[in-house]
Amino acid sequence: MKTILFFIVLIYPLLSFANTADISVTKRSADAYILTPAYSTNIGLFNTAKGVVLIDPMPGESQLDALSARVKSIFSDQVTYILNTHDHSDHSGGNAYFIAGGSELMQSADTVAEIDMLTVKSHTANDAIFVHKPSNTIFVGDIYTTNWHPTFYAGGVAGFVAAVDAILNLGNENSLIVPGHGKPGDKQQLKLFRQNTLEWVATVKALSKQGLTVSEIKDNAEIQRILSKFNPENKIDFIPQPAFERFIERTLTVIEKGV
Ligand SMILES: [Zn+2]
């Protein structure tokens with residue numbers, strides 16, 4: 001018996017640590033939280049008159065129980081509704097888990113008075129932007145990221161600019177802009193992201209016109225300088241080389257398509 005008790009006492013803190021430590025919680029207001037797992041997708045958690053709403057519930061497969069426990073510890077309630085900024089698995093991968101627990105996946109936020117939704121085409125053909133009005137918090141999915149290069153592959157440059165403009169027209173100067181991944185920011189930072197993205201596209205275009213190959217563009221000092229602007233936290237190995245090359249290739253595809 002003593003041995004078993006010792007085992008429980010020893011193991012319990014470890015289990016609870018593993019269960020919650022990988023999800024950091026940022027309180028925006030009494031009814032609005034941002035949950036950020038080590039998996040890096042920013043998850044929105046809102047208490048509304050219709051119940052608890054969870055945006056992009058994907059903390060990594062092994063952390064779904066921990067996410068559910070976190071929700072209950074914050075609002076002492078279950079998730080009523082799920083919303084997704086887009087259908088990529090790193091944002092929607094936890095839907096089935098919460099649906100199995102009784103939550104409902106909503107295609108629009110129409111019935112939730114506190115949340116406005118609009119759709120644009122930038123990262124995917126169907127990107128949703130959610131505004132939690134009482135806390136002035138805007139969830140924008142992967143239209144905007146602060147720890148990765150931009151990914152405007154569905155809407156091209158025009159779609160990206162239109163999406164960013166749509167976000168800038170929401171809320172006010174104090175709005176918190178929550179990217180799909182990376183630290184939340186404000187409208188000034190989003191404007192800078194737009195400027196850096198346009199500078200990136202223009203430079204890739206110019207170098208390609210000069211006849212440089214993808215590999216030569218990758219080694220270009222100007223291109224590397226621009227890429228580093230998407231790494232405000234100065235992370236080491238921010239973009240692995242194959243991803244860097246793919247980003248150039250996909251940018252060229254967008255340019256060729258002329259969108
Ligand atoms: Zn994502």
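## Glu245 and Lys218

Glu245 counts as partly exposed at 28% relative accessibility, the class between buried (under 20% relative accessible area) and exposed (over 50%; 1.4 Å probe, protein chains only). Its side chain meets that of Lys218 in a salt bridge at 3.8 Å, N to O, a term that requires a side-chain nitrogen of Lys or Arg within 4 Å of a carboxyl oxygen of Asp or Glu. Because Glu245 lies in helix H9 (residues 241-257) and Lys218 in helix H7 (residues 214-218), the pair ties together parts that are 27 residues apart in sequence. Lys218 itself is buried, with a relative accessible area of 11%.

The model is predicted, so local features need pLDDT of at least 70 and side-chain atom pairs pLDDT 80 or more, while totals for chains, interfaces and linings use all residues. Residues are numbered from 1 along each chain as its sequence is written, and side-chain values use heavy atoms, leaving out hydrogens and water.

## Other salt bridges

The count comes to 7 salt bridges. One of them joins the side chains of Asp165 and Arg194 at 2.3 Å, N to O, linking helix H5 with helix H6 (residues 187-209) across 29 residues; Asp165 is partly exposed at 31% relative accessibility.

Within helix H8 (residues 221-228), Arg225 and Glu222 are 3 residues apart, about one helical turn, and their side chains meet at 2.8 Å, N to O. Both residues also belong to a salt-bridge network with Glu199 and Lys229.

## The sheet

Four strands form an open sheet with mixed pairing, in the order S7-S8-S9-S10, where pairing needs at least two DSSP bridges. Strand S9 (residues 137-139) pairs with S10 in the parallel sense over 3 bridges, and Phe139 stands opposite Val178 in S10. Helices (H or I, at least four residues) and strands (E, at least two) are DSSP runs numbered from the N terminus.
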